[in-house]
Amino acid sequence: MPEPNFDFDLLTIGAGSGGVAASRRAGEYGAKVAICEASRVGGTCVLRGCVPKKLLVYAASYAEHFADAAGFGWEVGEPRLDWAKLMHAKQTELARLEQIYRRLLRDSKVELIEGHARLIDAHTVEVAGRRVSAKYILIATGGWPELPSNLPGIEHAITSNEALELAELPRRLTIVGGGGYIGVEFAGIFNAAGSQVTMLLRGDNVLPGFDLEVRERLADQIRARGIDLRTETGVRSIENQVDGSLSVMLDHNEAIEADVLLYAIGRRPASAGLGLEPLGVHVGRDGGIVVDERNRTSVANIYAVGDVTDQVNLTPVAIAEGRALAETLFHHRPTTVDRRFIPTAVFSRPPVATVGLTEAQAREQHETVDVYCSSFRPMRATLSGRDERTSVKLVVERTTDRVLGAHMVGEDAPEIMQGLAIAIRCGATKHDFDTTIGIHPSAAEEFVTMRFPVPRDE
């Protein structure tokens with residue numbers, strides 16, 4: 001039987017990082033590709049996440065640079081942040097990036113269809129009043145910030161989406177959540193910008209799932225910066241006051257006031273309204289599309305990548321998944337994404353970066369583990385007078401000497417960890433680290449100078 005005559009070889013729903021990566025590479029391999037997008041091209045990372053957030057992190061870091069300059073002999077006037085100017089500059093940059101994404105799609109011969117897409121059957125999508133067919137369909141719609149549905153007054157709260165668009169810098173900002181990436185990053189941004197920041201965590205500390213010492217060191221630094229960090233605290237209700245401020249009633253009957261209340265309790269896969277379930281596409285309880293190691297769903301010709309799946313929710317992972325899909329389907333090179341040793345960074349103040357196993361994970365998986373730690377005052381702080389310490393940690397399997405994980409809290413941690421991730425993924429041993437010449441003076445050299453493991457009760 002001849003193959004049906006489809007409009008496209010690949011039709012992607014969602015023009016974010018993963019969808020664009022897959023579509024462009026497929027187009028470059030000669031496939032006929034279309035991509036559907038109901039909003040702006042670029043997705044969460046470019047428009048509502050990594051990029052705008054990192055720009056604000058850069059802006060906020062100048063507060064510390066101005067304060068530290070005096071210790072190095074600089075005399076500067078009282079610095080002032082023009083929030084409106086910063087927001088305008090950010091928006092200008094995002095508009096530029098969106099146009100670049102559109103051009104990249106054109107250059108790769110990918111047709112952009114603007115509008116909300118819905119699957120009609122396993123090969124047909126309806127979008128913008130038009131029905132198009134494709135041999136393969138890729139779902140790459142990402143995720144969306146969650147809000148609790150049954151909390152009185154929740155309509156007065158905002159999510160990270162709105163936090164990136166605030167017209168004015170709030171005097172008092174309260175962040176509610178689990179202390180994950182978004183919560184600690186926005187706490188650092190607004191604290192440095194001049195807001196009075198309160199963090200209300202459901203759990204016992206920031207960054208659940210990270211190494212315990214990383215969590216403790218970051219919490220110490222967050223509090224040292226004047227952020228009111230409260231653990232095991234929940235919200236019972238929210239009320240709008242006459243003056244426009246918010247009264248937040250906590251679960252132990254204490255009320256606190258805020259000008260802006262930011263909820264950062266996580267993100268939910270944006271799979272609703274796509275018409276997946278009637279086609280037999282398996283979707284988890286949280287909305288995440290269930291996929292196999294090649295990102296194929298329960299329907300053979302439908303795939304999903306990125307935050308809409310039940311896999312690792314990181315932009316570089318979505319990009320890798322999208323490219324692997326194009327290699328498999330259109331370049332005759334079956335490819336899977338190796339999800340071991342994925343590095344990650346939290347752009348908190350100070351930043352955190354990590355790759356591989358935490359100490360607890362390593363002890364669960366290996367019989368004998370050695371841990372090497374170093375905590376030191378960074379050179380810049382010696383003249384600036386800032387009370388801050390950098391912490392680094394290596395987790396090593398004793399028998400094989402292989403490094404299982406690396407963790408860092410301190411300036412430049414993300415830049416340093418990217419290089420370490422390559423070494424650890426390649427199977428580097430502690431001996432390899434020990435015999436590597438350090439770059440002096442630098443924080444990175446601490447990773448190659450730790451001689452003795454710290455005592456631990458096995």
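A: Here is a short chat about ring pairs and charges over rings in this predicted model.

Q: How many aromatic pairs does a search of the whole structure find?
A: The search finds six aromatic pairs.

Q: Take Y181 and F210. Why is that pair called edge-to-face?
A: Their planes are at 65°, and over 60 degrees counts as edge-to-face, so the pair gets that name. The ring centres are 5.8 Å apart.

Q: Where do Y181 and F210 lie?
A: Y181 is in helix α6, residues 181–193. F210 is in the loop between β9 (196–201) and α7 (212–224). So the pair ties together parts that are 29 residues apart in sequence.

Q: And F210, buried or exposed?
A: F210 counts as buried because its relative accessibility is 16%, under the 20% cut-off. Y181 is partly exposed, at 29% relative accessible area.

Q: What about F186 and F190, stacked or edge-to-face?
A: That pair is stacked. The distance is 6.1 Å centre to centre, with 25° between the planes.

Q: Which helix holds F186 and F190?
A: Both lie in helix α6. They are four residues apart, about one turn of the helix. F186 is buried at 3% relative accessibility, and F190 is buried at 0%.

Q: Which residues do ring pairs link into a cluster?
A: W83, F186 and F190.

Q: New topic: charges. What sits over the ring of Y372?
A: The charged end of K430 does, 4.2 Å from the ring centre.

Q: And which residue lies over the face of F8?
A: K32 does, at 5.5 Å from the ring centre.

Note on methods:
Residues numbered from 1 in each chain as written. Predicted model: local features only at pLDDT ≥ 70, side-chain atom pairs only at ≥ 80, totals over all residues. Heavy atoms only, no water. Phe/Tyr/Trp six-rings, centres within 6.5 Å; stacked < 30°, edge-to-face > 60°. Helix = DSSP H or I, 4+ residues; strand = E, 2+ residues; numbered from the N terminus. Buried < 20%, exposed > 50% of the residue type's maximum accessible area, 1.4 Å probe, protein only. Lys NZ or Arg CZ within 6 Å of the ring centre and 35° of its normal.
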